[in-house]
Amino acid sequence: MTASHEIETRLREVAEGLLGDRKVDLFLGYEKTTLPFRTSPLFLTAPDKANRLVWNPFCTVNLAVYLARLFKAPADAREAQRAPPAPTVGLVLKGCDTRSVVALVQERQVPREKLVLVGVACPGMADTRKAERALGQYEALGAGEDPQGNVRAVIEDGTEVTLRREEILADACLECRSPTPAIHDFLLGEPSEARNADVARRRAVELESQPPGARWARFQEAFSKCIRCNACRQACPMCYCKDCLLDQARPRWIGAGTDFSDVALYHLVRAFHMAGRCTECGACVRACPMGIDVRLLVRRLNLDVEDLYKYRPGTAIDAVPVLSAFAIDDPQEFLTEP
Amino acid sequence: MSQMPKLQETAPKGAWEPRIVAFLCNWCSYAGADLAGVSRIQYPPHIRIIRVPCSGRINPAFLLRALQNGADGVLVSGCHPGDCHYISGNLAARRKFALFKDLLAYAGIEPERVQFTWVSASEGGRFAAVVEKVVEQVRKLGPNTKLVKRL
Amino acid sequence: MNEKRVSYTDVDALLDRLREQAAVYAPATDETGDVTLIGPPRRDPVDLEYRNFRLSPKALVLPQNQTLICFRNGEAEEPILPDRETILFGVRPCDARAMRMLDKVFLDGDPCDPYYARRRERTMVMAMACTRPLSSCFCTSVGGGPGDAAGADVLAVPLDTDLLLRAETAKGEALLSSVADLLEAATPAALKEAEERIQAAADQMAPVRVEDSAKRLRDAYDLPVWEAAGQKCLGCGTCSYLCPTCHCFDITDEVCGETVRRVRTWDCCAYALFTRHASGHNPRPMPKERWRQRVMHKFRYAVEHFDSLFCVGCGRCIRNCPASVDVRAVLKEVGA
Amino acid sequence: MARNPYLPYPARIDQAIVENEARDIKTFRLAFVDPKDAAGFQHLPGQFAELSLPGVGEAPFGIASSPTETGHLLFSVKRVGLFTAELHSLEPGTPIGVRGPMGKPFPWDRLDGKNMLIIGGGFAFTTLRAAVKYILDPANRSRFGSVLVIYGARTPGELMYKQDLAEWQAQDDIDVHLTVDEPDKNWTQHKGVVTAVLGGLKPSSQNTLALVCGPPVMIRFTLVSLGNLGFSDDAIILSLEMRMKCGIGKCGRCNIGSKYVCTDGPVFTREELRALPLEY
């Protein structure tokens, strides 16, 4: 594993170069923020500010989420005339983030030629909540990283605590099968292997092995905490629809409140729309203020897609998205026969 | 809203009977249902048909809304592969249906609540047989309670 | 002396007694390991080892779904309002103070909101002074404090072995006298300890300059800081949903057969649809304007409208923002 | 106990009149079911009300009738969205709910003894109609000086309230100028935008207050013209539109700066608007 500070140095050089040579108009990365165990997205335009870029175990935000916004198609011809030319954007991407970008390119939301992909071989990102919880009653006042990639935190009584990286890794990272960006213009760090390629499948199969009643109970338990804030949708790079089904008023598909029926519909519809599109970055889980495992259903659906149609989202830039494609001999055992 | 089917009223009086909403494609399955009717093939009266242009038109949200509004089961039927009036609408739909059926199963909703099939315009008998099977299976499951919204 | 004390070992007994007269919400550990306010029918053992709850208690006075009107066959019916007295035990002073702000919107205005009013007048707040604020806390900068009693009927202060209890309103007085047999008079030493603990907590919080925010924000519509914060903002609404003072709502009609329910649900000014007109025109089309609205509303408009900041410094929006935008940093830039 | 402010008064659609050639503006005549509600509904021109259709929702509309027209309320509604489309589909006799009156009316105490300049454009003439009707009522007319109305629309067919306009033009206690952008062959009145007519008439700003309602573009140019004519910001009165839900200052949706359009507006002077952000 390449040390974070080396990647950080290299990242700053790359960003400074890209901006300085006018290869990009905007560079998206991460910067330090006020609280430990977090970083904030950085919208960088000045090459001399490149030293604000950081790379550490908490560079969690999937920056691809900003792309659909930056490349939003104009609403009409008049707007198209007034719109400034699309910027060229460089951005820092982990394995999962790269898959989001690829999927967005596949779905024609973002032009590949306007992007400079700075991939980082990702050692797995820490989960802010897990890290905070690991400190129990204490709060971190500052955090750093040791040479092994573990998180070191200074807590309120002044002592220093080491949190082992594996113990505070985000769930999505524990399940990650391709931490190194496959598609990139720059690659920082040494490519790393997947930690445990089976975790997602094991989790999904575990759910599947239970009887319907138990699965429903699990679904209810997981999602009844939902407060319908839409944070999962907003944080998701693949949720770019201009007019989301969930917001439509005519017909109003789903009530706005927290009746479990509406909560269930929301998450079923969203999970379905993510099937074969979710790049498993975990942005939804991180954004959820209630700590819900938002990926409970889509984790399984993505495996279905892989098993049935041999497709993994965001892995091939010229592939047709799985639900836009079909074959005459697609499996159809699920059909009812008289 | 006024265009919502009033399922409560259409249910047979007395003991609980399953209420099934069937989404049928205009070109094959609706004609198949029609043929079952004109051929006087008996099938259970528990079904309320919504005609759609093509099985490819069906958004899974339709099916969820039917369940939310009190349907005990949903049946979706389109043209057989290769017979789609729009060439490939049913083929694109087939992938969606396969995943959607799995999705409901993972959430713990009984798979028999939402069923998919193909019925051609000439298969009045097949249509009646499918309906019979769906109604029987849903009857065994009992009323849908999981997704129904009550005001 | 008004102050009473109860030993930590007797707090559960005290809560059980209160449960005889009201629905009691008290801090307890939930399934996920978080300490939250847990109410009936559960009566979990109280857990006082918490900094603050993930969710503010506002849902207990301003529920996330409130049926305003039911229409059955076209006839409008008003919903039946809850009758039961409710006691919120362990609410932090910041969250108790927030209820005073909600009161300004829903009670003091004309007309008063009958749904909020009913819940609020039947809700008693037993606030729990804060001895260990988080680094995201800044209540002392917005007029509150770790021992602030605004919005509380009873203020409890956690001491070494006891909980100090002080009635702050007549309602609180009556409540404490109804359980007088479980309480002892507080000693002067206990009072001193309470004061010291609160002061120590207050001293931990770094000041944020907001006292003149209304003035500073008056000419701040065109500052670059709005764009800087707005471009990071995902429009996720977490800040508003967790905020104890955010109260904007939507009203929608839900239909089931012949029954219609007109329901109000929480809403959020960070959403693009919040202000979009039927014509498609949107007065706040970009995240920049929406961020400006949120800050302006809390730190300027509310001051001009209600003579009160609409922020209690609980820091939930700071801790939970997926893009880690810190409202304190934004306010600081407005001051620059 | 005070009446629940979210509870609409039951009313009925008495009549629905198509106002324009495009047939997307209709005026609905509403009658309260309970005469007590009718007596209790005391409004002044400039105010608005929330119309309520169970299952569809609620939407705010300016009241187009004057309180001097008793027995009913008028609302002119353009079909733009979900609620208005539903409303347009309704037949006379259909029940409908009304909540209101809401908001501040035109400042009638300030208007006493003043000359009135009333400028409207398109389908925003609704509350201006109410104002004109109110001023022309025999019981009120002597309270005001001269009344000059300039009303413009895209085409003659898009002018609303044609019968009222004809009556007013036949009267000698009011001066009504109509203008259209695209006249047809029968059109004999002004051609062009309202500001052109305003520039030609050059009304004096002496002891005069201007009421202005119209689309944003019209407002923008009219404000410039009025300024040139010597109208102070304080003498120009506008009415704003905003997305609203509750209408009673609770839901936090319709604010422009620290003002709530529903309770502090919808009527504002230009002076008041200058202090607010351009979020409307």
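Analyst: In this predicted model, the bounds of a domain are those of an automatic or database domain assignment, and on that basis chain C is divided into domain 1, residues 4-204, and domain 2, residues 213-335. The centres of these two domains of chain C, taken over C-alpha atoms, are separated by 26 Å.

User: What makes up the contact between domain 1 and domain 2 of chain C?

Analyst: Domain 1 of chain C contributes 32 residues and domain 2 of chain C contributes 28, where a pair of residues counts as in contact if the C-beta atoms, placed from the backbone, lie within 7 Å. On the domain 1 side, strand S4 (65-72) and helix H2 (93-106) of chain C each supply at least two residues, and by class that side has 16 nonpolar, 11 polar and 5 charged residues.

User: Which helices of chain A supply residues to the side that touches chain B?

Analyst: The contact takes 37 residues from chain A and 38 from chain B. On the chain A side, helices H8 (199-208), H9 (212-223), H11 (260-274) and H13 (296-309) each supply at least two residues, with H11(A) giving the most, 8 residues. By class, this side of chain A divides into 26 nonpolar, 4 polar and 7 charged residues.

User: Why is the packing of H8(A) against H13(A) called roughly perpendicular?

Analyst: The two helices pack at an angle of about 105 degrees, with their axes 9 Å apart. Angles from 65 to 115 degrees count as roughly perpendicular, so H8(A) is placed in that class relative to H13(A). The contact is made by A:Ala200, A:Arg201, A:Arg203, A:Ala204, A:Leu207 and A:Glu208 of H8(A), together with A:Arg299, A:Arg300 and A:Leu303 of H13(A). These residues divide into 4 nonpolar, no polar and 5 charged.

User: Why is D:Leu90 called partly exposed?

Analyst: D:Leu90 has 15 other C-beta atoms within 10 Å, and a residue is buried at 20 or more such atoms but exposed at 12 or fewer, so a count in between is called partly exposed. D:Leu90 is found in the loop between helix H2 (82-88) and strand S6 (95-102) of chain D. From C-alpha to C-alpha, D:Leu90 and D:Ala16 are 8.5 Å apart in space, although 74 residues apart in sequence.

User: What makes S4 and S5 the edge strands of the sheet in chain D?

Analyst: The sheet of chain D is open, with 6 strands in the order S4-S3-S6-S1-S2-S5 and antiparallel pairing. Strand S4 (57-62) and strand S5 (73-78) of chain D each pair on one side only, and the twist averages 40 degrees from one strand to the next.

User: How do you know that S3 and S4 of chain D count as paired?

Analyst: Strand S3 (residues 48-53) of chain D and S4(D) are joined in the antiparallel sense over 6 bridges. Pairing requires at least two bridges found by DSSP, so these strands qualify. Within this pairing, D:Ser52 stands opposite D:Glu58 in S4(D).

How values were computed
Residues are numbered from 1 along each chain as its sequence is written. Chains are lettered from A and ligands numbered from 1 in the order in which they are written. This is a predicted model: local features need pLDDT of at least 70, side-chain atom pairs count only at pLDDT 80 or more; totals for chains, interfaces and linings use all residues. Two residues are in contact if their C-beta atoms, placed from the backbone, lie within 7 Å. Helices (H or I, at least four residues) and strands (E, at least two) are DSSP runs, numbered from the N terminus. Ala, Val, Leu, Ile, Met, Phe, Trp, Tyr, Cys and Pro count as nonpolar, Asp, Glu, Lys and Arg as charged, and the others, Gly among them, as polar. Axes are lines fitted to C-alpha atoms, for helices over the stretch in contact, and angles run from 0 to 180 degrees between N-to-C directions. Angles under 35 degrees count as roughly parallel, over 145 as roughly antiparallel, 65 to 115 as roughly perpendicular and the rest as oblique.
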